[in-house]
Amino acid sequence: MSTRTTWALVVETTQGIGQRKHLAAEVLAHVEGSREEALAELERRARGHVPEHPSSPRRRRLVRTGDGFLLVVDGAWQTFASRFTVGELLADSDAPPAPEPVAARSAPPPDVPDEPAAPAVAPGGADELDEDGIPVRPAWLGRTGRP
């Protein structure tokens with residue numbers, strides 16, 4: 001069985017102004033698949049990125065680099081940059097544990113009803129979902145031991 005590579009999409013953006021200008025990094029997303037697929041998603045995000053500074057952009061340039069993209073935005077007084085990078089995710093200390101491999105079953109799977117009933121969920125509980133179906137509180141949050 002082949003495993004798919006997980007790529008981290010990272011943006012390093014100029015924040016602050018004047019002498020307080022500095023770079024801040026943020027992982028935008030993770031993409032599973034090929035490097036080309038990850039770069040295509042990174043380019044989509046770089047093209048749509050609207051940085052905090054400058055507040056009145058005059059010129060915007062997006063440049064392809066070896067490992068991603070560089071967005072250079074000229075303002076009235078200063079130039080700001082955002083570097084978009086794709087990199088293979090090697091470790092994540094906050095990731096949920098990998099699922100255990102499932103052993104081959106000799107019996108067929110049980111019948112599944114056409115429309116499963118929605119479970120009763122207490123507000124704020126570990127099984128509560130938001131309007132997009134995403135758990136409000138991940139099951140791995142608050143775990144005490146390592147797998």
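Here is a short chat about the predicted model shown above.

Reader: What should I know about this model before we start?
Author: It's a predicted model, so local features need pLDDT of at least 70 and side-chain atom pairs count only at pLDDT 80 or more, while totals for chains, interfaces and linings use all residues. Residues are numbered from 1 along each chain as its sequence is written, and side-chain values use heavy atoms, with hydrogens and water left out.

Reader: How many helices and strands does the chain have, and what makes a run count as one?
Author: There is 1 helix and there are 5 strands. Both are DSSP runs numbered from the N terminus: helices are H or I with at least four residues, strands are E with at least two. Along the sequence the pattern reads β-β-α-β-β-β.

Reader: What makes β3 and β4 a pair?
Author: Two strands pair if DSSP finds at least two bridges between them. β3 and β4 (residues 68-74) have 6 bridges, in the antiparallel sense. One of the residues involved is Arg59, whose bridge partner in β4 is Asp74.

Reader: Why are β2 and β3 called edge strands?
Author: The open sheet runs in the order β2-β1-β5-β4-β3, with antiparallel pairing. β2 (22-32) and β3 (59-64) each have a single partner strand, so one side of each lacks a neighbour in the sheet. From one strand to the next, the twist averages 15°.

Reader: How do you know that helix α1 packs on the sheet?
Author: Contact means heavy atoms within 4.5 Å, and α1 (residues 35-48) touches β1 (6-15), β2, β3, β4 and β5 (79-88). The direction of α1 makes about 160° with that of β5; axes are lines fitted to C-alpha atoms (for helices over the stretch in contact), and angles run from 0 to 180 degrees between N-to-C directions.

Reader: Why is Glu43 called buried?
Author: Buried means under 20% relative accessible area, exposed over 50%, and partly exposed in between (1.4 Å probe, protein chains only). Glu43 has 17%, so Glu43 counts as buried. This residue lies in helix α1 and touches Arg64 and Phe69, leaving aside residues up to four places away in sequence.

Reader: What makes a group of residues a nonpolar core?
Author: It's a set of buried Ala, Val, Leu, Ile, Met, Phe, Trp, Tyr and Cys residues joined through side-chain atoms within 4.5 Å. The largest one here has 14 residues, and Leu9, Ala38 and Phe84 are among those touching the most other members. α1 gives the largest share, 4 residues. Ala38 touches Trp7, Leu9, Val31 and Val86, not counting residues up to four places away in sequence.
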